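Try each task before you read its solution.

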Amino acid sequence: MIEDSQLPVAEADAVDTLPAQEAIGPTHPPLYRAPVMLSSRDHAHWRLLPGDAAFAAASHAVPLVLGEFAAAARCYPLVFVGEDAAPVAVLGLEAEHNRFVVADRWQSGAYVPAYVRRYPFVFARTTQPDGHALAIDADAAMLRTEGDEGQPLFEADGQPSALTRQALQFCEAFTGEAVATAAFSAQLLASGVLVDRQADVVRADGRTSSLLGFQVVDPDRFAALPEATVIAWHRQGWLAPVHFHLASLARFNDLLSG
């Protein structure tokens, strides 16, 4: 059983980089306003209510990990941002507008990114000891710091509750996927297949909108990759994500309906 000092709690993942502005680029982890390291001593009475998606309503893009590309590509444009070419799902064409959150609910039938599903939990990198710890956004609307509403984060004996253990497992899996995703992005950068793009959209009312600061795979450069690179990417399972990404770019037009 995990001891209090070992609980993995708030992290700034390599993929936790999105802005609250109309240009997509790295600033700070989106959605999280006040992440704190979980402690059975300090948070013994904290509880979590079932949450809605209101916390993501102002996020027009969220990070993705590699294993999500197939599902996410059916709903969102997938692009790459920042110096590390971190993949993100574009959720809207205007700053602070997520067209997939309606009446505080994620649109029915649309894939919900793992980054959103793990909220308000997150992994944090620690240095003493070196590793990760579980954290939670202390400003989350579904969090209760007193009273009997919601599910407890800790049992009466100070051990993590079933909810917290589940969150820990999810965040561990997410972080593992983030490492694999970073390796994929590094190869895209090294191969030179990424190019800068912007999405320019003319709306039905005549207004124009541009989404800036992202990269996509150039199909011609991708097709011209050396055979040895193609074989290596096939063995790594990286060819399919590139194809999912390219197919997803057609979803930009779908964002006009929101």
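This is a predicted model: local features need pLDDT of at least 70, side-chain atom pairs count only at pLDDT 80 or more; totals for chains, interfaces and linings use all residues.

Residues are numbered from 1 along each chain as its sequence is written, and side-chain values use heavy atoms, with hydrogens and water left out.

**Exercise 1. Find the place of Tyr111 and list what Tyr111 is in contact with.**

Step 1: Go to the loop between strand 7 (105–106) and helix 2 (114–117), where Tyr111 sits. Helices (H or I, at least four residues) and strands (E, at least two) are DSSP runs, numbered from the N terminus.

Step 2: Look for contacts, meaning heavy atoms within 4.5 Å. Setting aside neighbours within four places in sequence, Tyr111 meets Glu68, Ala71, Ala72, Cys75, Tyr76, Trp106 and Arg117.

Step 3: Pick out the polar contact between the side chains of Tyr111 and Glu68, at 2.7 Å. A polar contact is a pair of N or O atoms within 3.5 Å; within protein, one must be able to donate a hydrogen and the other to accept it, and residues adjacent in sequence count only if both atoms are side-chain atoms.

Step 4: Compare sequence with space: Tyr111 and Ala73 are 38 residues apart in sequence, and their C-alpha atoms are 9.1 Å apart.

**Exercise 2. Decide whether Ser248 is buried or exposed, and find what its side chain reaches.**

Step 1: Locate Ser248 in helix 6 (residues 239–248).

Step 2: Apply the cut-offs: buried means under 20% relative accessible area, exposed over 50%, partly exposed in between (1.4 Å probe, protein chains only). Ser248 counts as buried because its relative accessibility is 0%.

Step 3: Follow the Ser248 side chain to the backbone nitrogen of Leu78, at 2.8 Å. Not counting residues up to four places away in sequence, Ser248 also touches Ala73, Tyr76 and Pro77, among others.

**Exercise 3. Describe the surroundings and pairing of strand 5.**

Step 1: Check burial along strand 5 (residues 86–90), where 5 of its 5 residues are buried.

Step 2: Sort the directions. In a regular strand the side chains alternate between the two faces of the sheet. Here Ala86, Val88 and Val90 point one way, while Pro87 and Ala89 point the other way.

Step 3: Find the partners; two strands pair if DSSP finds at least two bridges between them. Strand 3 (residues 61–63) runs antiparallel to strand 5 with 3 bridges, and Val62 stands opposite Ala89. Strand 4 (residues 78–81) is also antiparallel to strand 5, over 4 bridges, with Val81 opposite Ala86.

Step 4: Inspect the hairpin of strands 4 and 5, which has 4 residues between the strands; Gly82 there takes a positive phi near 80°.

**Exercise 4. Which residues have the most contacts inside the largest nonpolar core?**

Step 1: Use the definition: a nonpolar core is a set of buried Ala, Val, Leu, Ile, Met, Phe, Trp, Tyr and Cys residues joined through side-chain atoms within 4.5 Å.

Step 2: The largest core has 74 residues, and those with the most contacts inside it are Tyr76, Trp106, Phe121, Leu153, Leu188 and Phe252. Helix 3 (residues 162–191) gives the largest share of this core, 8 residues.

Step 3: Return to Tyr76, whose contacts beyond four places in sequence include Trp106, Tyr111 and Ser248.
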